[in-house]
Amino acid sequence: TTRNRWKPMLEEGSGLTEGEDFFLAYSPERVLTGRVFADLRKYPKLIGALSSEGNRRAREFYEAVLQFDERPDLAQPNGVWDLGSTEASEMAKLAETTYRDVNIGLANQFGLFAASHGIDVYKVIEACNSQPYSHIHRPGIAVGGHCIPVYPRLYLSTDPDADIVRVARQLNASMPERLVAQAEGILGDLSGQRAVVLGAAYRGGVKETAFSGVFPTVKALQDRGADVVVHDPLYSDDELRRLGFEPYAMGGEVDLAILQTDHADYRELSPAQLPGIKLIVDGRAATDAALWAGTPRIVVGTAA
């Protein structure tokens with residue numbers, strides 16, 4: 001446990017005694033890249049320490065440096081929430097991020113089934129979420145970022161019987177390969193075909209590639225012999241090259257496009273910007289169907 005792991009290590013390394021010379025508390029990060037300060041105000045600050053005095057000091061610190069929005073929707077006032085132990089505070093971080101990964105995995109499972117049966121999964125999800133007990137997330141080509149692809153694995157390392165977590169993580173990780181395989185099923189052999197992956201970032205509007213789906217998507221295309229280039233409006237050509245990608249400029253000839261990031265710039269994307277395109281795979285349901293009329297288009301979660 002956290003209690004048994006960190007306390008002796010810190011005491012041995014410092015020569016100090018926890019509970020007398022220092023106090024150990026755990027407080028998980030709960031913010032999203034691009035809106036850190038807003039999230040610090042919006043979400044309760046969770047704490048858990050090894051002692052009541054550690055909890056008191058952690059609470060005192062965070063109440064001094066943070067301000068919290070009023071949240072009438074919460075069961076208790078927004079602010080510093082003491083979960084009573086480091087283990088409980090750490091589990092809250094693992095649980096909330098693992099919940100999102102499992103939920104996305106369920107949405108992807110629904111999306112794969114719906115697409116194979118001529119059903120629009122987005123209409124189904126909207127209908128389901130119209131009542132208060134359903135909170136189904138959206139399917140997508142990849143789950144990226146610093147937290148959601150990572151913390152389920154940490155949870156599994158301590159709870160190996162959590163099969164539902166393992167299967168959801170495996171399904172989410174398989175989505176780039178699945179969509180590239182769908183593209184191959186339509187276009188045939190991808191060897192020598194020019195493919196552009198639209199979006200290096202793991203999330204729209206954020207210049208960050210931590211565990212981004214761009215990496216497995218590019219690999220799945222290259223494994224099939226495609227000539228792969230990458231476009232992202234937030235990255236320069238040199239930055240893309242440093243990430244290991246060959247940059248693409250809009251207007252260049254392509255055979256296949258895979259939309260990996262839901263950047264706002266891509267919502268108005270049309271075939272005219274991708275001359276020669278034979279197929280677009282929209283992994284985020286971000287493109288406008290009307291603009292792609294007459295061009296083959298796969299949208300994750302809907303029938304081809």
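Strand 7 and strand 8 (residues 297-299) are paired in the parallel sense over three bridges; two strands count as paired if DSSP finds at least two bridges between them. Helices (H or I, at least four residues) and strands (E, at least two) are DSSP runs, numbered from the N terminus. The model is predicted, and local features need pLDDT of at least 70, side-chain atom pairs count only at pLDDT 80 or more, and totals for chains, interfaces and linings use all residues. Residues are numbered from 1 along each chain as its sequence is written, and side-chain values use heavy atoms, with hydrogens and water left out.

Strand 6 (residues 256-259) also runs parallel to strand 7, to which four bridges join it. In strand 7, I280 stands opposite A257, and I280 likewise stands opposite R297 of strand 8. In a regular strand the side chains alternate between the two faces of the sheet. Strand 7 (residues 279-282) is covered on both faces, with L279 and V281 buried on one side and I280 and D282 buried on the other. Buried here means under 20% relative accessible area, exposed over 50%, and partly exposed in between (1.4 Å probe, protein chains only).

V281 also belongs to the largest nonpolar core, which has 35 residues; L221, V230, L256 and V281 touch the most other members. Helix 7 (residues 163-187) gives the most to this core, with five residues. A nonpolar core is a set of buried Ala, Val, Leu, Ile, Met, Phe, Trp, Tyr and Cys residues joined through side-chain atoms within 4.5 Å. A second, separate core of 14 residues includes V254, L259, I277 and I280. Leaving aside neighbours within four places in sequence, V281 is in contact with L179, A183, L256, A257, I258, L259 and I298, where contact means heavy atoms within 4.5 Å.

An open sheet is formed by three strands in the order 1-2-3, with mixed pairing. Strand 1 (25-26) and strand 3 (80-82) stand at the edges, each with a single partner strand, so one side of each is left without a neighbour in the sheet. Three bridges link strand 2 (residues 45-49) to strand 3 in the parallel sense, and D82 in strand 3 is the bridge partner of I47. Helix 3 (residues 52-65) packs on this sheet, touching strand 1, strand 2 and strand 3, and its direction makes about 155° with that of strand 2. Helix 4 (residues 86-116) lies across strand 1 and strand 2, running at about 145° to strand 2. Axes are lines fitted to C-alpha atoms, for helices over the stretch in contact, and angles run from 0 to 180 degrees between N-to-C directions.

Helix 4 also meets helix 7: their axes come within 8 Å and cross at roughly 45°. The two helices, helix 4 and helix 7, are therefore oblique to each other; angles under 35 degrees count as roughly parallel, over 145 as roughly antiparallel, 65 to 115 as roughly perpendicular and the rest as oblique. Residues of helix 4 at this contact include T98, D101 and V102, and those of helix 7 include I164, V165 and A168.

Two further residues were examined. S212 lies in the loop between strand 4 (194-198) and helix 8 (214-223) and counts as buried, at 2% relative accessibility. Not counting residues up to four places away in sequence, S212 touches A200, A201, Y202 and Q260. C128, found in helix 5 (residues 121-128), is partly exposed, with a relative accessible area of 30%.
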